[in-house]
Amino acid sequence: MGFLAGKRALIVGVAGDRSIAWGIAKAMHREGAELAYTYQNDKLKERVEKLAAQTKSDILIPCDVSSDEQIEAVFSHLDDYWDGLDIIVHSVAFALREQLSGNFVDATTREGFRIAHEISSYSMTALAKAGRAMMQGRQAALLTLSYIGAERSVPNYNIMGLAKASLEANVRYLAQALGPEGIRVNAISAGPIRTLAAAGISDFKKLLDYNDKMAPLGRGVTIDEVGNVAAFLCSDLASGITGEITYVDGGFNTVAIGLDYAKLL
Ligand code: NAD
C-alpha cells in the first residue's frame, strides 16, 4: 500500500505529458491516491482526459483560474464525487510572452504585471478559498510550484520572478491562515525543466545548460523527481512541514561558484 492510500487529490495544471503536474499526478497515483483533474480549456481537454485515464481517473473539470465562477464550480462538481478533499496541487503560471524577454524595465507593463500575478499567484489563494470547506477535518495539504527566480534575478524571467515571489509569500500566509484547520501549505522550487510554460521564456535552453553546469548533481531534474517530493509533502509523512519552500533543483540554489567555474570565465 502506498503512502497516499485513502487520499483524494485535485491536480490543477496538467497540459501534457511534459507538465510538472503530470509528474506529480503519476507519483501520487503510484502511492495510492485517487485523482481528479482540471483542464484550462477545450483545446487541452482530450489530452488531459487520456492522461487522467492512465491514473484511473475520469473526473475532469474545466477551470480557467482567471474565473472565480469556474474555480467555485470545480469544488461543487467535485462534491458530487467525493465527500472530502485531502490535496490540491496548484501547478499553474502565466505571463505575456513578450514580458519574458529582454530588459526587465522595458518589458514590464502594468497590465502584464497584473496578469502574471493574478494567474500565477492569486489563483493559489482562490483555490484555497474555494477548496477550504471540502478540506476540513482531515490532514489536508496544498502544494504549488515555484522557481529560484522568486528570490534572485534571472535573465528573461522578469515579471514571472515577481509573481513567484508573491506566490512564495502566499504559501507562508496561507500556511498561517489554514494551519489551525489542519491544512498544510508548501511549495517546491524546481530546477528548470523543458515544458510548455518554460518554452515561453527567452533563451530557456541557456538556463537549462547553466543549471546543469552549476548544480552539484551536474544535471537537471525530471518531472518524476519533482513528483516524488510533491507526493511526500502532501502525505502524512510530512505532517510537521508547512509554509516551506523545498528545492528540487539538483542543489543549484546552494552553490555560489560552480565546479566548472573556470570554463565560465
Ligand atoms: P506547463 O505548461 O505544463 O503547465 C502550466 C499549466 O498552467 C498548464 O497546464 C496551463 O494550462 C496552466 N495555466 C496557465 N494559465 C492558466 C489559466 N488561466 N487557468 C488555468 N490553468 C492555466 O508547464 P510547467 O513547467 O509544468 O509549469 C507548472 C508550474 O511549474 C508553473 O507554476 C511553473 O512556473 C512552475 N515551474 C516550472 C519550471 C520549469 O522549468 N518548467 C521550474 C520551476 C517552476
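Guide: α3 and α5 are oblique to each other, because their axes cross at roughly 40°. Oblique is what remains after under 35 degrees (roughly parallel), over 145 (roughly antiparallel) and 65 to 115 (roughly perpendicular). This is a predicted model, where local features need pLDDT of at least 70, side-chain atom pairs need 80 or more, and totals for chains, interfaces and linings use all residues. Numbering starts from 1 along each chain as its sequence is written.

Visitor: Within what distance do the axes of α3 and α5 come?

Guide: Within 9 Å, for α3 (residues 68–81) and α5 (residues 110–131). Axes are lines fitted to C-alpha atoms, for helices over the stretch in contact, and angles run from 0 to 180 degrees between N-to-C directions. Helices are DSSP runs of H or I, at least four residues; strands are E, at least two; both are numbered from the N terminus.

Visitor: Which residues of α3 and α5 meet?

Guide: Asp68, Ile71, Glu72 and Phe75 of α3 meet Ala126, Leu127, Ala130 and Gly131 of α5. Contact puts C-beta atoms, placed from the backbone, within 7 Å.

Visitor: Switching to the sheet. What is the strand order?

Guide: β3-β2-β1-β4-β5-β6-β7, an open sheet of seven strands with parallel pairing. Pairing takes at least two DSSP bridges between two strands. β3 (60–62) and β7 (245–248) are the edges.

Visitor: How many bridges join β4 and β5?

Guide: Four. Val89 stands opposite Leu143 in β5.

Visitor: And which strands does α5 touch?

Guide: β1 (8–12), β4 and β5; the direction of α5 makes about 160° with that of β4. Helix α6 (residues 158–178) lies across β5, β6 (183–190) and β7.

How values were computed
Contact = placed C-beta atoms within 7 Å.
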